Amino acid sequence: MGQVRQPRRVQAYDGELGAAVARAQDGDETAFAVAYRIVQPGLLGYLHGLVGDEAEDVASDAWLEIARDLGRFKGDGAGFRGWTATIARHRALDHLRRQRVRPRAGGTEQDVLDLPGPCSTHEQALEGLSTERALALVRGLPQDQAEAVLLRVVVGLDGPATARILGKRPGAVRTAAHRGLKRLARQLGVGGEAEEGVTDDASRTLGESK
């Protein structure tokens with residue numbers, strides 16, 4: 001089973017993010033703005049995959065909670081991304097329950113899925129796509145694969161962090177993300193052979209009600 005790489009761009013920012021969060025917890029508003037700038041694109045891309053055009057509003061609600069509870073956070077830059085993604089996911093699910101609508105694709109962020117190379121064949125499936133098209137394709141995946149891909153590739157979380165957010169075992173998340181990226185690759189004609197033994201066509205997708 002192949003590994004899903006954490007984008008190196010995200011990894012490179014983790015040190016800066018951790019330092020900014022520490023300063024923000026001491027009351028530095030400029031540092032909080034730096035943390036927001038680093039985290040927001042991936043967080044917004046993830047939310048677009050869950051709630052479509054309502055992502056901006058849900059993100060705003062999430063950031064209000066993040067700012068309110070910032071003093072309670074303990075961890076480094078990678079941990080902060082996981083913490084904010086958990087909050088955003090809870091707010092998205094609350095929104096969907098209130099609206100009683102199906103998650104839908106959307107979004108206009110320009111660099112959410114701009115992965116640096118070299119990448120695996122499956123990750124290449126996402127390169128060069130507009131964000132709207134990429135998120136639409138991800139939304140068509142079975143639900144477990146879609147969320148795993150969004151959290152691993154868009155938000156940039158590692159396997160254990162993604163597993164904690166989704167309440168799954170790391171191995172299950174790794175498998176779901178790998179299969180999701182492989183399916184995207186097949187749809188785009190990248191490394192295009194089907195994976196034998198995978199019969200998940202009937203699985204629930206992000207476009208179906210929970």
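Modeller: Rings of Phe, Tyr and Trp (for Trp, the six-membered ring) form a pair if their centres lie within 6.5 Å; planes under 30 degrees apart are stacked, those over 60 are edge-to-face, and the rest are tilted. Here F32, Y36 and W63 make up one aromatic cluster. This is a predicted model, in which local features require pLDDT of at least 70 and side-chain atom pairs pLDDT 80 or more, while totals for chains, interfaces and linings take in all residues. Residues are numbered from 1 along each chain as its sequence is written, and side-chain values use heavy atoms, without hydrogens or water.

Biologist: How many aromatic pairs does the structure hold? What geometry do F73 and F80 adopt?

Modeller: There are five aromatic pairs. F73 and F80 form one that is edge-to-face, with 5.4 Å from centre to centre and 80° between the planes. F73 has a relative accessible area of 8% and therefore counts as buried (under 20%; exposed is over 50%, partly exposed in between, with a 1.4 Å probe and protein chains only). F80 is also buried, at 0%.

Biologist: Which residues have the most contacts inside the largest nonpolar core?

Modeller: Such a core is a set of buried Ala, Val, Leu, Ile, Met, Phe, Trp, Tyr and Cys residues joined through side-chain atoms within 4.5 Å. The largest has 51 residues, and F80 and L151 have the most contacts inside it. Among the elements giving it two or more residues are α4 (77–99), α7 (143–155) and α8 (159–166); helices are DSSP runs of H or I, at least four residues long, numbered from the N terminus. The element that gives the most is α2, with 11 residues.

Biologist: With which residues is L151 in contact, beyond its neighbours in sequence?

Modeller: Contact means heavy atoms within 4.5 Å. Leaving aside neighbours within four places in sequence, L151 touches Y46, A85, G156, L157, T162, I165 and L166.

Biologist: Why is α8 described as largely enclosed?

Modeller: Six of the eight residues of α8 are buried, so the rest of the structure largely encloses it. Those six are G159, A161, T162, A163, I165 and L166, and their cover includes α4, α7 and α9. After α8 comes G167, whose phi is positive, near 70°.

Biologist: Is G171 buried or partly exposed?

Modeller: G171, which lies in helix α9, is partly exposed, at 29% relative accessibility. G171 and P160 are 11 residues apart in sequence, and their C-alpha atoms are 8.8 Å apart in space.
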